[in-house]
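This briefing goes with the sequence and model shown here. It takes confidence and overall form before the contacts between chains and a few local details.

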Amino acid sequence: MTVIVALWCVAVLLGTAILATAVARRPYGRTFVYGVSLIASAAALIAAVTHLLTGGTLAPSVTLPVGLPWLGSHFRVDALTAFFQAVVNLGGGAASFYGLGYGRHEAAPQRVLPFFPAFLAGMNLVLLADDAFTFLLSWEFMSLASWALVMAHHGERDNARAGYVYLVMASFGTLVLVLAFGLMAGPDGGYGFGSIRAAAHAPGVAALVLVLMLGGAGSKAGLVPLHVWLPLAHPAAPSHVSALMSGVMTKVAIYGFVRVVFDLMGPSDWWWGVPVMAAGTVTAVLGILSATMERDIKRLLAFSTIENVGIIFVGLGLALAFQGNAMNLAAALALTAALLHVLNHTLFKSLLFFGAGAVQTATGERDLECLGGLIHRMPQTSFAFLVGCVAIAALPPLNGFVSEWLIFQAILQSPQFPQWGLKIMAPAVGALLAMSAALAAACFVRLFGIAFLGRPRSAAAAAAQEVDLPSRSIMIALAGLCLLAGVLPGLAIDSLAGVTQSMVGAKLSEQATIAWLSVVPIGESRSTYNGLLVFLFIAASTAVSALVIYRLGPRTIRRAPAWDCGFPDPSPATQYTAGSFAQPLRRVFGGLAFGASERVDMPAPGDTRAARLTVTMHDRFWEWLYTPLTQVVSLVSGTLNHLQFLTIRRYLTLVFIALVALLLVLALWP
Amino acid sequence: MTNLVFDIAHLLAGGLVLMSLVMLYQVRLYALLKVFTLQALVLALSVAWQAFAQDAPHLYVTAAVALVFKAIVIPMALHRIIQRLGIHREIETVVGFGPTMLAGIGLVALSLVVMLRVTAGADPMAREDLAFALSVVLLGLLMMVTRRNAVSQVVGFMSLENGLVLAATGAKGMPLVVEFSVAFSILIAFIVIGIFLFRIRERFDTVDMRALDRFRGEQR
Amino acid sequence: MTIDLLIQGGQMAVVLLLAPLLTGFVRKIKARLLRRRGPSVIQPYRDLLRLLRKEAVLADNASWLFRAAPYLIFATTWVAAALVPTFATGLLFSWTADLIAIIALLGSARFFLALAGMDVGTSFGGIGASRETMIASLAEPAMIMIVFTLALVAGSTQLSTVSAHMTLPAVGLRVSLGLAAIALVMVAIAENARIPVDNPATHLELTMVHEAMVLEYSGRHLAMIEIAASLKLLLYVALIAAVFVPWGLAGPGEGLDRHALGLAAFVAKLAVGGVLLALFETAIAKMRVFRVPEFMGAALMLGLLGTLLLFVSRSL
């Protein structure tokens with residue numbers, strides 16, 4: 001049932017994409033496209049949530065007569081698909097709603113409108129696919145649609161490069177995925193997910209598939225060192241598309257990883273968790289450190305997405321390690337934590353990207369050093385943005401904290417590992433995760449403090465206007481959802497029971513029946529958290545203290561110039577800047593992470609030259625991995641270039657040799 | 001009772017590892033010497049406790065040797081050397097503080113994993129002593145590698161030797177002669193190094209090891 | 001049920017009432033150690049009352065966040081302090097949040113404090129906020145490592161369970177607990193802006209972290225922030241006491257006499273903690289800001305080492 005609804009939604013989206021090419025320039029084109037996208041996403045969302053809540057019936061897959069003639073295309077919805085569908089369509093619906101207002105500022109709607117519904121359709125199709133061929137085709141369709149959206153503003157500086165890097169990385173990812181599915185399907189070519197699941201995989205093949213999936217899904221999700229395209233491509237697209245790419249498309253990549261590694265490959269070896277956890281930890285720390293150094297709002301948010309993907313992969317790695325040791329309940333806890341973070345991240349990252357879009361609309365600036373004081377000009381946007389910042393900084397009582405808390409609870413199960421390596425690795429991972437959470441707080445204090453607080457640093461920021469109603473209302477709604485998911489996490493956890501049951505063969509006890517709606521992952525005596533009560537307590541204490549003070553004390557407020565230790569300076573340039581805020585953290589972590597160095601050029605006394613402080617930072621992944629790689633590629637292509645200028649006889653010789661070689665291989669194949 | 005015996009042995013041996021790490025954290029030579037003295041004291045206590053736990057009276061002698069030489073004689077001598085040389089009191093490190101500490105913790109983790117895996121099935125107290133001893137040895141080596149100053153390298157070497165003593169007492173049935181010879185060889189090594197320090201200083205006006213490297217025409 | 005509710009309410013009142021006293025007591029001891037007479041121990045109460053009575057002066061471009069933040073900071077700190085066992089364990093709402101959540105609640109307070117520091121747009125506010133977040137980025141992982149050690153020993157992250165477990169003889173002598181205690185003290189010193197990390201008694205711009213953030217506050221807003229700072233100090237002393245010296249705590253369902261005893265024990269523990277803190281602060285010099293990461297790094301290493309050593313003793 002769900003699958004039929006979902007397929008119809010996809011069909012509607014695809015139809016809209018085709019129609020959009022015709023109506024894009026019309027005044028009603030924007031309303032039409034985003035309106036239909038919103039309705040389709042909402043319908044798919046409702047179907048998915050219903051499937052999750054009712055437990056859903058596990059229907060056999062639907063086969064459509066498209067694709068490979070002897071295979072057809074298979075589509076199916078199980079609990080995992082339904083959960084990710086809910087996430088994707090929640091983000092998609094929110095982005096469509098935001099687009100209703102934000103799209104007005106689009107200079108070239110014909111470059112955005114046709115691809116937006118196509119992108120949504122592509123992501124839905126990846127989730128629905130039930131055979132390798134359909135999966136890969138949808139994956140590639142999703143990549144291309146998003147690539148077109150990245151290139152929407154191709155005239156802007158750096159965007160062409162972003163599009164190019166993205167295309168290369170996406171091709172790499174797909175190539176690796178093709179290899180992975182080829183390995184899984186084996187020589188008999190059973191490309192249906194059902195037959196892959198049923199087949200027994202040799203340990204070597206399984207290990208190779210794990211590595212390939214880390215590369216394929218990891219490159220889409222943004223695992224270090226395959227993350228380089230994210231901070232280029234995500235900010236290049238229009239903001240609601242950035243929200244989709246950062247908040248939603250990375251989740252589709254995570255879906256691919258979970259589907260293959262947990263579902264298709266069957267029970268894991270214990271060591272599978274090690275590379276996944278290690279990659280996740282490094283990604284989390286490096287991602288948030290880069291975000292803390294960044295001054296472009298949207299690039300900062302893209303780096304923070306990398307961090308959150310790292311956190312999710314830590315959860316997945318823990319789940320794999322637990323599963324490999326037959327600790328199914330702990331595995332269910334870790335998987336629940338990871339998937340809950342998937343949902344939470346979609347909520348707050350969409351919200352934050354919408355906020356960044358609003359800032360860009362209002363001021364025309366993305367550079368933090370040109371912003372400031374927006375809380376006075378855009379009160380509603382700043383409120384929603386603040387909620388998003390608190391949520392992503394993993395602070396109670398909002399939702400980001402709940403999923404990180406669950407991951408910590410999962411890490412606390414690690415002493416039961418029989419392997420020494422895992423035992424010692426898990427606390428170190430926990431420490432680094434805590435560090436990335438604290439750094440996230442620093443990063444978002446910096447983002448909100450520089451962009452929205454203080455005094456405006458440019459004329460554009462001083463003249464900012466609050467954005468349109470649809471944009472504001474969807475941001476407020478998402479902020480409300482962040483709070484709701486933070487105070488009532490039990491609902492989301494319960495809806496994940498079906499997923500963990502089918503993936504790792506266990507589920508957490510039902511949370512909705514626990515008194516006061518607490519979250520109790522393992523046992524009452526081990527650890528409990530009650531977001532609802534924490535929220536109520538904070539709200540009550542705030543209200544009581546404010547009330548008491550207002551009743552008893554004087555209510556007078558006097559406005560005066562800032563005190564600033566007696567030396568207030570009217571120039572906004574004397575404020576702390578984004579760069580100066582990051583300086584202590586850069587000094588502490590920058591040397592190790594970015595090879596950062598500072599050089600002070602102080603003129604001698606009497607010299608009127610200005611003093612200069614030069615900070616150099618290196619993107620080590622570009623320097624160590626990608627630059628050598630491009631050099632090798634250009635070397636090889638330069639050499640092969642000679643092949644373009646051969647005589648016909650030589651070409652024929654090449655073809656002939658190739659043919660004979662292939663025949664030889666065929667003859668010698670065992 | 002056995003639980004308490006084990007707990008105290010664990011406490012003392014763990015204290016030894018902790019002191020090694022604290023030594024890595026020090027930036028001043030005198031403070032480093034104080035920590036080294038403290039480590040020697042903890043070592044003496046630990047050996048004495050082993051003597052009590054294993055009921056091996058000859059270990060008391062080892063404890064006394066450790067106490068007299070390492071906690072009193074050597075620190076005092078080093079103190080005098082520093083005074084006589086009048087050397088720069090800040091310790092110069094080759095790599096930064098953070099990476100050194102990280103490497104230190106990594107080495108402790110490594111030695112725990114290796115030793116506990118290799119000695120599976122042995123007596124718990126000996127296992128744990130060996131694991132901690134290896135950490136102390138590795139941390140001493142790390143200190144020698146990451147410090148430029150010759151005095152702190154000597155201290156690193158001495159603390160490395162503390163690890164060896166811990167390992168020796170943990171393994172039962174070590175003859176007294178061996179321990180004495182180890183103790184004396186260390187003392188002789190110390191004297192040789194001390195003389196060496198003065199010779200280096202006479203020739204190069206510094207005990208920074210970079211001077212030696214330059215003299216040999218090596219690039220750092 | 002009613003009695004439980006009363007005890008829980010009592011805890012909230014006790015922490016709120018005792019917090020300024022602890023601050024005043026530490027100041028008094030410090031003054032005596034320097035052979036000064038020092039202000040009376042109840043001076044903080046007078047200060048708070050005076051601040052509450054004064055009108056609040058706001059900078060011209062202060063926003064609603066600047067006015068809301070003191071109440072939020074106070075509320076989150078108070079809620080966190082109410083969840084730490086002071087004189088009794090197993091309070092009515094003690095299961096609301098475990099130790100990790102309590103730390104995160106303090107993180108929320110710090111988040112809003114740092115934002116408030118940046119709101120007016122002065123350079124000092126920015127200095128304080130950026131340094132505070134730098135210190136927190138190392139203090140939080142250290143704290144998580146301490147939580148790990150405790151959770152491994154006690155098998156729980158619920159503070160009530162942990163303190164109940166710590167009184168059992170099975171805990172024994174553990175070097176890990178010692179390491180965790182040292183690390184916790186180091187974190188507490190950093191989090192409460194005490195010497196050697198920060199000086200609570202100075203407005204010397206280049207050394208200050210906490211004071212720089214609250215520079216623009218006055219009147220009732222400043223009062224809320226001051227009492228939140230006192231509460232935080234009390235919280236950390238209570239936390240250290242509940243974990244490492246849990247004797248005297250009344251258990252759930254015990255009589256009122258036990259609770260009175262627990263209260264007396266708590267006051268005694270606060271006094272001892274205050275004296276030790278004052279001694280430590282008098283004996284040591286403040287360190288440079290960029291030595292602080294090394295200090296916090298050492299706390300983190302101690303926490304990690306504690307966890308590692310615990311694995312050894314646990315597995316044998």
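pLDDT is the predictor's confidence in each residue, on a scale from 0 to 100. Chain A averages a pLDDT of 90, and 99% of its residues score at least 70. This is a predicted model, in which local features need pLDDT of at least 70 and side-chain atom pairs count only at pLDDT 80 or more, while totals for chains, interfaces and linings use all residues. Residues are numbered from 1 along each chain as its sequence is written, and chains are lettered from A and ligands numbered from 1 in the order in which they are written.

**Confidence along chain A**

- Helices (H or I, at least four residues) and strands (E, at least two) are DSSP runs, numbered from the N terminus.
- Confidence in chain A is lowest in strand S1 (residues 62-64), with a mean of 82, and highest in helix H15 (residues 379-392), at 96.
- Where pLDDT is low, the predicted coordinates should not be read in detail.

**Overall form of chain A**

- Chain A has 25 helices and five strands.
- The radius of gyration of chain A is 26 Å, close to the 26 Å that the globule rule gives for 670 residues, so chain A is as compact as a globular protein of that length.
- That radius is taken over C-alpha atoms, and the globule rule is 2.2 Å times the number of residues to the power 0.38.
- Along the principal axes, the C-alpha atoms of chain A fill a box of roughly 95 × 70 × 60 Å.
- Of the 670 residues of chain A, 56% count as buried; a residue is buried if 20 or more other C-beta atoms, placed from the backbone, lie within 10 Å of its own, exposed if 12 or fewer, and partly exposed in between.
- Two residues are in contact if their C-beta atoms, placed from the backbone, lie within 7 Å.
- Among contacts in chain A between residues at least 6 apart in sequence, 80% join residues at least 24 apart.

**Strands S4 and S5 of chain A**

- S4(A) runs antiparallel to strand S5(A) (residues 612-616), joined to it by five bridges; strands pair if DSSP finds at least two bridges between them.
- Val600(A) stands opposite Leu613(A) in S5(A).

**Contact between chains A and C**

- 73 residues of chain C are in contact with 73 residues of chain A.
- On the side of chain C that touches chain A, H5(C) gives the most, with 18 residues.
- The residues on that side of chain C divide into 43 nonpolar, 19 polar and eleven charged.
- Here Ala, Val, Leu, Ile, Met, Phe, Trp, Tyr, Cys and Pro count as nonpolar, Asp, Glu, Lys and Arg as charged, and the others, Gly among them, as polar.
- Strand S3(A) (residues 557-560) pairs with S1(C) in the parallel sense over four bridges, and Ala560(A) stands opposite Ala59(C).

**Contact between chains A and B**

- Five residues from chain A and seven residues from chain B make up the contact.
- H17(A) gives the most to the side of chain A that touches chain B, with three residues.
- That side of chain A has three nonpolar, two polar and no charged residues.

**Ala139 of chain C**

- Ala139(C) is found in helix H5 of chain C and is buried, with 30 other C-beta atoms within 10 Å.
- Not counting residues up to four places away in sequence, Ala139(C) touches Val187(C), Ala190(C), Glu191(C) and Met296(C).
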